[in-house]
Amino acid sequence: MANVQAGVPPTDKALDVERKGALARSDLSRQRLRSAWLFLTPMLLVLALVAGWPLLKTIWFSLTNASLADLEGAEFVGLRNYWEYVDYGDGEGEYFGLLFDPQWWNAVYNTVYYSVISVAIETVLGLVFALVLNAEFKGRGFVRAAVLIPWAIPTIVSAKMWAWMMNDQFGILNDMLMTVGILSAPIAWTANPDTAMWAVIIVDVWKTTPFMALLILAGLQMVPGDVYEAAKIDGIHPVKVFWKVTLPLIRPAILVAVIFRALDALRVFDLIYVLTPNNTQTKSMSVFAQENLFQFDKFAYGSAASTLLFLVIAFITLFYIKVARLDLGGRGK
Amino acid sequence: MTLRKMTVALAAGVLLCAGGARAEELALVAGSIGKDISELRMQLDAFEKESGHTVKIVEMPASTTDQFGQYRLWLSAGNEDVDVYRTDVIWAPQLAASFVDLSEAMKDEIPKHNPSVIQSQTVDGKLVAFPMYTDAPALYYRSDLLEKYGKEPPKTWAELTETAKEIQDKEREAGNTQMNGFVFQGAPYEGLTCDALEWVASNGGGQIVSPDGEITINNEKAAAAIEMAKGWVGTIAPQGVLSYKEEEARGVWQTGNAVFMRNWPYAYALSAGEDSAVKGKFDVVPLPAGESGKSAACLGGWNLAVSKYSQHQDAAIALVKFLGSEAAQKERAMNTARLPTVPSLYDDPEIAKAQPIVAEWGEVVENAVPRPSAPTKRQYNEVSKEFWTAVNETLSGRGTAADNLDQLEKRLRRLKRSGWE
């Protein structure tokens, strides 16, 4: 027997060990996988309950003729809320539905316009703020806290506050600009179709720049100090250091901050609803959906708008992640 | 104090009818404009004292458009926390399904009230809400300024435009740079539908949608009326008027910075108040006439409805009866110049003394023009939104009135399809 055993080629033994090892590893990984699922299940359940279920319900309502007065009586009507051709019987017809609704596309345009401009300004300003706050100076802690105040104020309150500041008759903004001599006559900021969207953007920038600054500051603080020291010793110009060292190192932080903000901006509701209610120039997708859901007797149509809003945001986010090559898997490069 | 006694007596009567003295906690939701809430609180205190119930006011923003969204949400969720809703005159067809039928409970009260108001709150034979007060706007003018420049209160919109321009310019030359000729409600919301309906109807341009459901808004007279209003913005009216609701317009007027204002009678009581800059310097006339030669006032007004989800319906009905009663309406008219729906009160000498506008307004109310909420049924809000959007776009210089009305007609046709529902 011993001979036989000795006769077994050593490679076989090695293979055996390897196979056993693989078995043990897969056992271990299976076990880890199991516990991972165990720990994740409560969160997934909660997510399914608070996010998945309402989403599915909304999508379902968008395929029905639901009215808010009678949600149980909703009947399936297919894609009629999105796309419908009504034949008038005399060779003429007309397309109906969300996809053919110029007001919906106007809302999409407004939302995207608002998001791109406001997030762009907030990112640049936030970066500047973060760089300033990252520097060592006396009272830095206080300034860091103070900068956060606009972010801490509820949007409704800040929107109302700004509405008064932008008031054409009593507003402090016109008063200040006229005293300085920039304006000769007061501007009706929120009513004038040329300035309404900018009024919204100004308030949003005021409110959200601190948030961007904070996220970017967190990124800045991860940059090791010796990189700067090395650059200094090599005598590199600070501007070059910023472009070649700082910016590449905080790029991931900025990209994540931008996606947070962009998701928020695309869903904008409260600011616009309070500052410029019912204004065609500023109506966002969410306001459009709310209007149809609750103001008009078109719950199904509003649900369709909500569904499309979800799809538009999902599409833009995926596109952004792809273009920015954002690493959300945590594998590193 | 006789009034107070009347209220007390009435409340006692109501209590007997309700047949129980079980104390209940009620909640009433109402929008806040002018002195409405403090006046309401006073009357609720009287009700509480008599009935033993307690009533909480849930305060809402002034914009009727904002209120509606919230109410619809609550009602469709079967909210039990609110028992009584103060509802706009245009809401009855849209919210009828969520409210209790009051026709049986108010049997004895109904004949005392203006039949057209009762009619506006009746949907398929069901009395959806009981009238609290009615509303018909007025043209407020600065009697001191008109006298100073030797002008008469305008009878037509053309006269108003001319007078407003002249006084505004002369006042500004004299150093009063904040002076405006005319302020009204130009923000895109339900209020603009009222204002614009008045311009259009007084010009012979119809009522947007005729009582039998025909879309009539796309006509030359309507376009001319809206073009005329467009001419005001930036000349006699500040550009900010495009974001003014009732209270913003009153803010400009009551600080003494407008020659004319279009507003509801509630502003009369406030303009005559102690802290008003125009106290004793103003008066009211019915709105000017357009080409039709007739003035048109938009019919407004607020009513009280009992939620069918309320757990205290009997007490809630008693409260509605109390607040809509002749005595309560009289008190309200005297304190806040809210117009009663009981015709006999227009001849009441006490009211005439306290708020002269009420006594003069009986005829205006009688001839007020309703918004097309009845023919367009549950789609009224959307019709109204399309209308105010078209008007607001025109006023802010985006397209001509004719083009925008043409587009409006197409949109309304799309909405209506084979018929209003």
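Me: How far apart do the C-alpha centres of domain 1 of chain A and domain 2 of chain A lie, and what do the domain bounds come from?
Reply: The two centres lie 38 Å apart, with domain 1 covering 11-61 and domain 2 covering 101-324 of chain A, and these bounds come from an automatic or database domain assignment. This is a predicted model, in which local features need pLDDT of at least 70 and side-chain atom pairs count only at pLDDT 80 or more, whereas totals for chains, interfaces and linings use all residues. Residues are numbered from 1 along each chain as its sequence is written, and chains are lettered from A and ligands numbered from 1 in the order in which they are written.

Me: What makes residues of domain 1 of chain A count as in contact with domain 2 of chain A?
Reply: Two residues are in contact if their C-beta atoms, placed from the backbone, lie within 7 Å, and by that criterion four residues of domain 1 of chain A are in contact with six residues of domain 2 of chain A. The side of domain 1 of chain A that touches domain 2 of chain A divides into three nonpolar residues, one polar and no charged, where Ala, Val, Leu, Ile, Met, Phe, Trp, Tyr, Cys and Pro count as nonpolar, Asp, Glu, Lys and Arg as charged, and the others, Gly among them, as polar.

Me: Why do strand 2 and strand 6 of chain B stand at the edges of the sheet?
Reply: The open sheet of five strands in chain B has the order 2-1-3-11-6, with mixed pairing; strands here are DSSP runs of E of at least two residues, and helices are runs of H or I of at least four, numbered from the N terminus. Strand 2 (54-60) and strand 6 (130-135) of chain B each have a single partner strand, so one side of each is left without a neighbour in the sheet.

Me: Which elements give two or more residues to the side of chain B that touches chain A?
Reply: The contact takes 26 residues from chain B and 19 residues from chain A, and the elements concerned are helix 3 (64-76) and helix 18 (380-395) of chain B. Helix 3 of chain B gives the largest share, six residues.

Conventions:
Two strands pair if DSSP finds at least two bridges between them.
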